[in-house]
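Hi,

Here is the structure I said I would pass on.

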Amino acid sequence: LDQHNDLCEVCNLGGELICCYTCNLVFHMECNRPALLKLPADNWSCSYCVASGVTGHKRDTKFRKRAAAACRTMDRMRQTNLAKQRKNEDLRKEDDEKAEEDNDNDEEKDVDGDDTDEDESQKPKGQGKEEKVGTTKGDASAGKSGRESEKEGATESASDAEGDNG
């Protein structure tokens, strides 16, 4: 045969595969039934070929019956693996759709201006609030900087001192 499959007949995955001499099927050593403990000869035929009689074994021999049983086992394994792969693909699609939906919702919030990048509750204390430095409640110089208050206080003190002298 010129062309063999690229994926294992049982698990539908690639990797180190053994090729059937009489058909285009390929298998992992651990997926083949009966399981192979060592690499087979170059003219190895798979259980499907043996069970179908392609290899020339007589119909009712134990060899063909065992091969047919191995084929049934590999078919069940393949169905189980396909079901798992479909389930995983479905889960991946659901995850992708959910992620895309979340991204769309995030983009809508950003466009509407409803959502800010930084939540107020996450800001460090004092950030975002204006603080007046150097003023106290009830101070006559409220709203003025500390230096302005000091200058006025010094001027008032000087004029008070002059008034005491005079």
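Let me start with S45, which is buried, with a relative accessible area of 17% (buried means under 20% relative accessible area, exposed over 50%, partly exposed in between, with a 1.4 Å probe and protein chains only). Before going on: this is a predicted model, where local features need pLDDT of at least 70, side-chain atom pairs count only at pLDDT 80 or more, and totals for chains, interfaces and linings use all residues. Residues are numbered from 1 along each chain as its sequence is written, and side-chain values use heavy atoms, with hydrogens and water left out.

Back to S45: its side chain makes a polar contact of 3.5 Å with that of T22 (a pair of N or O atoms within 3.5 Å; within protein, one must be able to donate a hydrogen and the other to accept it, and residues adjacent in sequence count only if both atoms are side-chain atoms). Beyond its neighbours within four places in sequence, S45 is in contact (heavy atoms within 4.5 Å) with C20, Y21, T22, V50 and T55.

N32 counts as buried too, at 2% relative accessibility. Its side chain reaches the backbone oxygen of P34 at 2.8 Å. Setting aside residues up to four places away in sequence, N32 touches F27, W44 and M74.

F27 also turns up in the largest nonpolar core, which has 15 residues; F27, C46 and Y48 have the most contacts inside it. Such a core is a set of buried Ala, Val, Leu, Ile, Met, Phe, Trp, Tyr and Cys residues joined through side-chain atoms within 4.5 Å.

Cheers
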